[in-house]
Amino acid sequence: GDPLSHQLESLVTVLNELPVLDPAAILESLDFNLDLYKDLVGIYLDNYTKEGDILAEMLVDGNLEKIVGAAHSLKGIAASIGGSRLSEVSRLIQDISMGGKMPLPTVWGPVVTAESEALKAALVTLDYSELEESLPPASP
C-alpha cells in the first residue's frame, strides 16, 4: 500500500504497545544494580535529552546518511536506560532511512521530539524507592 500509511501504522503500533520507560529489563541486565542504573539515567539527563530535537532537525534537513547515524545512536542511548518507545521510534526512522527513503519530517519530527520529552519527564519523576522494592532479594 501507500508508504506513508505503512509508516504511520508501524508508528501507531509502537506507541500503543510500548511503555515510555521500562527500567525492569535494564535493571536485570545490570544485575539489579540500582546505583549503576541511577548513574546511567543521570548521564542521559545531563547529556542526551536534546538528541531527539537534533534528530528532528536532521529530518527537516534531509541528509539520509546523517539521519541514519543520529537515529542509530539515539536508538542505543534510549534503549540503554529503558526508553522503549524513543528507542523503537528511532529504530523505525533508521530502518526507513537505510531503505533509501526519506522519513517524512512532518510525521516523524514531532513524534521523536514528543517521545524524547516524554522519556525525559518519566526519568525526572522516576520513583527509585518503588524500583528498589521491586528488586529481587540480594543473593547471599
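User: In which helix is the place of Glu132?
Analyst: This is a predicted model: local features need pLDDT of at least 70, side-chain atom pairs count only at pLDDT 80 or more, and totals for chains, interfaces and linings use all residues. Residues are numbered from 1 along each chain as its sequence is written, and side-chain values use heavy atoms, leaving out hydrogens and water. Helices (H or I, at least four residues) and strands (E, at least two) are DSSP runs numbered from the N terminus. Glu132 sits in helix α8.

User: What is the relative accessible area of Glu132?
Analyst: Buried means under 20% relative accessible area, exposed over 50%, and partly exposed in between (1.4 Å probe, protein chains only). Glu132 counts as partly exposed, because its relative accessible area is 49%.

User: Which residues gather with Glu132 in the patch of negative charge?
Analyst: A patch takes residues with over 30% relative accessible area and no salt bridge; like charges are joined within 9 Å, and nonpolar side chains (Val, Leu, Ile, Met, Phe, Trp, Tyr) within 5 Å. Asp and Glu count as negative. On the surface, Glu132 gathers with Asp35, Asp39, Asp127, Glu130 and Glu133.

User: Which helix gives the most to the negative patch?
Analyst: Two helices, α3 (34-47) and α8 (128-134), each supply at least two residues. With 3 residues, the top giver is α8.

User: How many salt bridges does the structure hold?
Analyst: Side chains of opposite charge can pair when their charged atoms come close. A salt bridge here is a side-chain nitrogen of Lys or Arg within 4 Å of a carboxyl oxygen of Asp or Glu. The number of salt bridges in this structure is 3.

User: How many residues apart are Arg85 and Glu115?
Analyst: Their side chains meet in a salt bridge, 3.0 Å from N to O. The pair links distant parts of the chain: Arg85 is in helix α6 (residues 84-98) and Glu115 in helix α7 (residues 105-124). Both Arg85 and Glu115 are buried.

User: Arg91: buried, exposed or partly exposed?
Analyst: The relative accessible area of Arg91 is 30%. Therefore Arg91 is partly exposed.

User: How far does α6 reach from its first C-alpha to its last?
Analyst: The expected span of a helix is 1.5 Å times one less than its number of residues. α6 has 15 residues, and its span is close to the expected one. The reach of α6 is 21 Å.

User: How many residues of α6 are buried?
Analyst: Among the buried residues are Leu86, Val89, Leu92, Ile93 and Ile96. α6 is mostly covered, and of its 15 residues the buried ones number 11.

User: How many helices are in the chain?
Analyst: From the N terminus on, the elements run α-α-α-α-α-α-α-α. There are 0 strands. The number of helices is 8.

Terms used:
Areas by Shrake-Rupley, 256 points an atom, 1.4 Å probe, with all protein chains shown as cover. Charge placed at Lys NZ, Arg CZ, Asp CG, Glu CD.
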